[in-house]
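Please read these notes with the model open beside you. They are meant for someone deciding which parts of the coordinates to read closely.

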Amino acid sequence: MAGSPGAFQSITFAAWRDRPPGQDRASNWYYVTLAELLVRLGSFGLGLTWKVRIDDARLVTRFAEIEEASSGAGIGTLELLALVAPDVQFVDGDFAGYAGDELRVVLREFDSTSWDLCTADASVRREIRQHYPDAVPTPEDVLQEIPWPTTRRKT
């Protein structure tokens with residue numbers, strides 16, 4: 001990843017959205033899932049290894065299984081996608097994507113109301129903004145709250 005940890009920038013966008021035209025209208029709203037975001041990362045995210053932290057994961061068996069699968073060396077994008085697709089919704093979760101030992105991106109779900117995307121890669125932020133035009137810069141204190149080091153992953 002180009003740049004230093006200080007180059008990480010975060011954007012925030014709503015998790016609940018108006019359903020796009022032409023889709024099933026059982027509801028006018030839909031939820032942006034982690035699976036959708038992993039797909040939106042495209043080739044950038046495909047080779048990443050993920051570490052997952054989900055608040056109160058021990059209370060939900062499926063969440064505990066996802067967290068456990070990412071322990072140790074982490075979990076690949078396709079394996080994570082298989083565990084969360086198509087519709088798993090978390091309340092609070094942090095999903096950190098690494099290329100080797102280098103942190104490349106953090107997806108943070110907050111209170112099932114919003115997502116933060118934190119990365120130094122401007123093209124990834126542009127891609128997410130294109131799909132979620134309500135994305136705005138996240139307040140600086142969010143970077144201080146992420147539970148992941150922004151330099152090297154500790155093993």
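The points below cover confidence, the sheet, the cores and a few individual residues.

1. Basis. This is a predicted model, in which local features need pLDDT of at least 70 and side-chain atom pairs count only at pLDDT 80 or more, while totals for chains, interfaces and linings use all residues. Residues are numbered from 1 along each chain as its sequence is written, and side-chain values use heavy atoms, with hydrogens and water left out.

2. Confidence. The protein chain has a mean pLDDT (the predictor's confidence in each residue, from 0 to 100) of 85, and 85% of its residues reach 70 or more. Confidence is highest in E5, at 97, and lowest in helix H6 (residues 141-145), at a mean of 70. Residues 1-5 fall below 50; beyond near neighbours in sequence, this stretch has eight contacts in the model (contact means heavy atoms within 4.5 Å). Where pLDDT is low, the predicted coordinates should not be read in detail.

3. The sheet. Seven strands make up an open, antiparallel sheet, ordered E5-E4-E6-E7-E8-E1-E9. Helices (H or I, at least four residues) and strands (E, at least two) are DSSP runs numbered from the N terminus, and two strands pair if DSSP finds at least two bridges between them. Strand E5 (75-76) and strand E9 (136-137) are the edges, each pairing on one side only.

4. Two bridges link strand E4 (residues 49-54) to E5 in the antiparallel sense. Tryptophan 50 has isoleucine 75 in E5 as its bridge partner. Across E4 and E5 lies helix H3 (residues 61-69), at about 140° to E4; axes are lines fitted to C-alpha atoms, for helices over the stretch in contact, and angles run from 0 to 180 degrees between N-to-C directions.

5. Two hairpins. Strand E6 (residues 93-99) is joined to E7 by seven antiparallel bridges, one of the pairs being alanine 99 with glutamate 102 in E7. The hairpin has two residues between its strands, and glycine 100 in the turn has a positive phi of about 65°. Seven of the nine residues of strand E7 (residues 102-110) are buried, meaning under 20% relative accessible area, with exposed over 50% and partly exposed in between (1.4 Å probe, protein chains only).

6. Aspartate 111 and serine 112 each have a positive phi of about 55° although neither is a glycine. Aspartate 111 counts as partly exposed because its relative accessibility is 40%, whereas serine 112, at 11%, counts as buried.

7. Cores. The largest nonpolar core has 34 residues, and Trp50, Leu107 and Trp115 have the most contacts inside it. Helix H1 (residues 34-40) supplies the largest share, four residues. Another core, of seven residues, lies apart from it and includes Phe8 and Cys118. Such a core is a set of buried Ala, Val, Leu, Ile, Met, Phe, Trp, Tyr and Cys residues joined through side-chain atoms within 4.5 Å.

8. Two residues to check. Glutamate 36, in helix H1, counts as buried because its relative accessibility is 18%. Leaving aside neighbours within four places in sequence, glutamate 36 contacts Tyr30, Tyr31 and Tyr132. The peptide bond from alanine 85 to proline 86 is cis, with omega near -5°; proline 86 sits in the loop between helix H4 (77-84) and E6.
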